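Work through the exercises below with the sequence and the model open side by side. Each task is followed by a stepwise solution.

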Amino acid sequence: MGGANAGPGQPAPNGNGSWRRQGRVVPKAIQAPPPPGGTFIFRDLNPGERIIWIRRQTALYLIATGAPIALLALGIFLLSLWLGATLPGVVFLIGLGLLALLIIRWAVTDLWNWFFQFYVLTNERVIRSKGYFNRDRGEIPLKSVAQVRAERPNVFFVMLRIGNVVVRPIGTELELTGLRYPREVADTILAMQEDPKFGLPAAATPAATRPPPVKSKRLQAALDHLAEPAPMPAPPVPIVRAPFMGFLHRRIPIRFIEGESVVEVVYRHWFVLLRDELIAIVILLAAVVVSVLLGLAGLHGLTPLEVLLLGILVSGVTGTLIYMNWADDVFVLTTHRVIDIDRLVFILAEYSNDAPYARIQQVRVNRNVLGRFLGYGSIVVETSGRKSALYMNNIPGAYHVMDRIFEQINLLRERERVAAVNRQKQENLKWMATVLNDLVVSVPDVRGRSVVAAASEVRKAGLKLIVEAEHPSRTQAAGTVLEQVPAPGTSAVADAEVRVVLAGNPIAAVP
């Protein structure tokens with residue numbers, strides 16, 4: 001099993017930093033792309049729909065399709081330099097004619113198709129549009145996306161950081177070809193599917209959605225207590241077991257959705273590595289046998305030592321590449337999805353396939369006789385059907401990994417339930433605050449005020465002033481409020497009465 005770094009905001013599982021030394025996953029936050037602009041315009045938006053990004057194929061495709069033109073032009077130039085004046089004019093004209101035809105063909109097909117082919121991600125769907133006169137447009141609602149696969153099928157794609165993104169729904173998949181940074185494109189699609197507000201700044205939240213404050217501080221405190229959000233279930237403790245102490249393990253950069261973290265990194269069983277390494281072992285044994293035979297035969301040419309050293313070199317390089325292929329073929333379980341990552345010989349090819357837990361329909365384990373004996377099996381994760389299932393072959397402790405996947409599916413459902421409860425609490429808070437602001441008011445403090453000023457203050461608060469009695473007072477002027485019921489700062493229903501006792505004229509002393 002491989003190590004994993006903590007997700008955003010999570011501490012390492014121990015204080016000595018061993019997790020970070022052995023960790024493979026490098027967490028990166030998914031950044032919302034800048035708003036589309038320039039010449040990219042897509043007008044067929046539904047009400048309330050917004051564009052996340054608009055992309056075209058990389059311009060390197062134009063260079064690739066224009067390669068025959070460059071080769072023909074270079075050939076004509078070199079031929080004219082070589083033959084000079086002896087080059088027949090007819091041959092030169094034919095070459096120029098072919099060059100012109102290739103340029104015209106490239107302009108009306110490759111350039112035209114590239115210019116009028118683009119991909120759009122909105123908060124509702126993924127769209128691929130190509131063609132102008134005969135426009136072909138395919139789209140998939142984000143709610144139907146079951147898998148997103150990023151492909152860089154050859155060394156040039158890997159080095160230039162371009163590739164294809166395959167969006168797989170329940171039905172026919174949609175392929176976005178020739179994109180720069182395909183892994184980032186796949187991540188933004190998954191982030192948009194997870195959070196419909198992805199890409200919106202925090203300030204974009206309308207103020208009307210925030211509950212108005214209640215005039216009574218006591219009521220506000222009570223409402224805040226009732227609306228206090230329920231805690232989300234804690235993410236599981238990541239399993240960190242790096243085989244061979246992480247030797248020659250390349251790091252895996254993953255852009256996490258908000259709140260996402262790594263649960264486990266799963267490697268293939270050691271038997272797979274041993275089986276594949278038989279090629280390197282056979283090369284080494286063949287070199288030993290050949291060197292011995294050369295020593296016995298006494299033939300001239302390569303010495304037995306040279307043959308043996310060459311065999312050790314070839315066997316070592318082959319064994320190292322096989323080991324790195326095994327170490328780079330991993331499955332990452334996060335709190336939100338299963339990620340299948342496959343790299344072939346460093347940079348020859350790279351594939352990644354993401355299956356969100358919310359779209360998983362079935363998980364099963366297949367084990368043969370050898371797998372039962374050695375403790376490994378193959379896990380099949382079905383999202384959009386058997387055709388596009390995600391296969392995790394030759395996994396140690398396959399039943400444990402399957403249980404781990406179901407555990408994350410249940411945790412996802414629990415998080416969704418808690419999130420729904422918290423949303424309902426906020427809606428209830430907003431409703432109750434609005435109603436209470438209309439029905440309940442705070443009683444003002446009118447003690448020490450004249451009856452006229454007190455009546456005005458009480459009327460402004462939406463209440464009625466009732467003079468209940470008068471008490472003679474030597475310290476207060478006549479008509480000043482001595483006492484009031486309800487007490488100041490308490491809550492009262494609108495139009496309720498505030499009863500006061502006024503100061504009256506003092507009783508004259510009897511001589």
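**Exercise 1. Find how many cavities of 30 Å³ or more the model holds, and identify the lining of the largest cavity.**

Solution. 
- Step 1: In this predicted model, the count comes to one cavity of 30 Å³ or more.
- Step 2: The volume of the largest cavity is about 50 Å³.
- Step 3: Its lining consists of Ala150, Glu151, Arg152, Pro182, Arg183, Glu350, Tyr351 and Ser352.
- Step 4: Strand 6, helix 6 and strand 13 are the elements that give two or more residues to this lining.

**Exercise 2. Decide whether Ser352 is buried or exposed, and list its surroundings.**

Solution. 
- Step 1: Locate Ser352 in strand 13, which covers residues 349–356.
- Step 2: The relative accessible area of Ser352 is 8%. Buried means under 20%, so Ser352 is buried.
- Step 3: Setting aside neighbours within four places in sequence, Ser352 is in contact with Val148, Arg149, Ala150, Arg183, Asp340 and Ile341.
- Step 4: With one of these, Arg183, Ser352 makes a polar contact from side chain to side chain, at 2.7 Å.
- Step 5: Both Ser352 and Arg183 also belong to the lining of the largest cavity.

**Exercise 3. Describe the second largest pocket: its volume, its lining and the elements that supply the lining.**

Solution. 
- Step 1: The second largest pocket holds about 470 Å³ of space.
- Step 2: Its lining has 20 residues, and those nearest its centre are Arg152, Arg183, Pro253, Arg255 and Glu350.
- Step 3: At least two lining residues come from each of helix 6, strand 9 (252–256), strand 12 (337–344) and strand 13.
- Step 4: Strand 9 gives the most, with four residues.

**Exercise 4. Which side chain makes a polar contact with that of Glu184, and what is the C-alpha separation of the pair?**

Solution. 
- Step 1: Glu184 lies in helix 6.
- Step 2: With a relative accessible area of 27%, Glu184 is partly exposed.
- Step 3: The side chain of Glu184 makes a polar contact with the side chain of Arg255, at 3.0 Å.
- Step 4: These two residues are 71 residues apart along the chain, and 7.7 Å separates their C-alpha atoms.

**Exercise 5. Identify the largest nonpolar core and the elements behind it.**

Solution. 
- Step 1: This core has 24 residues, and Trp53, Leu121, Val126, Val165, Val167, Leu176 and Ile189 have the most contacts inside it.
- Step 2: Strand 2 (51–56), strand 3 (117–122), strand 6 (147–152), strand 7 (162–168), strand 8 (174–180) and helix 6 (182–194) each supply at least two of its residues.
- Step 3: Helix 6 gives the most, with six residues.
- Step 4: Beyond four places in sequence, Ile189 touches Trp53, Leu121, Val126, Leu142, Val148, Val165 and Val167.
- Step 5: Another core, of 21 residues, lies apart from it and includes Val381, Leu390, Met402 and Ile409.

**Exercise 6. Where does pLDDT stay under 50, and what is the mean pLDDT of the protein?**

Solution. 
- Step 1: The mean pLDDT is 81, and 87% of the residues reach 70 or more.
- Step 2: Over residues 1–22, pLDDT stays under 50.
- Step 3: Where pLDDT is low, predicted coordinates should not be read in detail. The model has 60 contacts beyond four places in sequence for residues 1–22.

Key
Residues numbered from 1 in each chain as written. Predicted model: local features only at pLDDT ≥ 70, side-chain atom pairs only at ≥ 80, totals over all residues. Heavy atoms only, no water. pLDDT = per-residue confidence, 0-100. Contact = heavy atoms within 4.5 Å. Core = buried A, V, L, I, M, F, W, Y, C linked by side-chain atoms within 4.5 Å. Buried < 20%, exposed > 50% of the residue type's maximum accessible area, 1.4 Å probe, protein only. Polar contact = N/O pair within 3.5 Å; in protein donor to acceptor, adjacent residues only side chain to side chain. 1 Å grid on protein atoms, 1.4 Å probe; cavity = no way out; pocket = protein on both sides within 12 Å on 5 of 7 lines; lining within 4 Å. Points joined across faces, edges and corners; volume = space filled by probe spheres on them.
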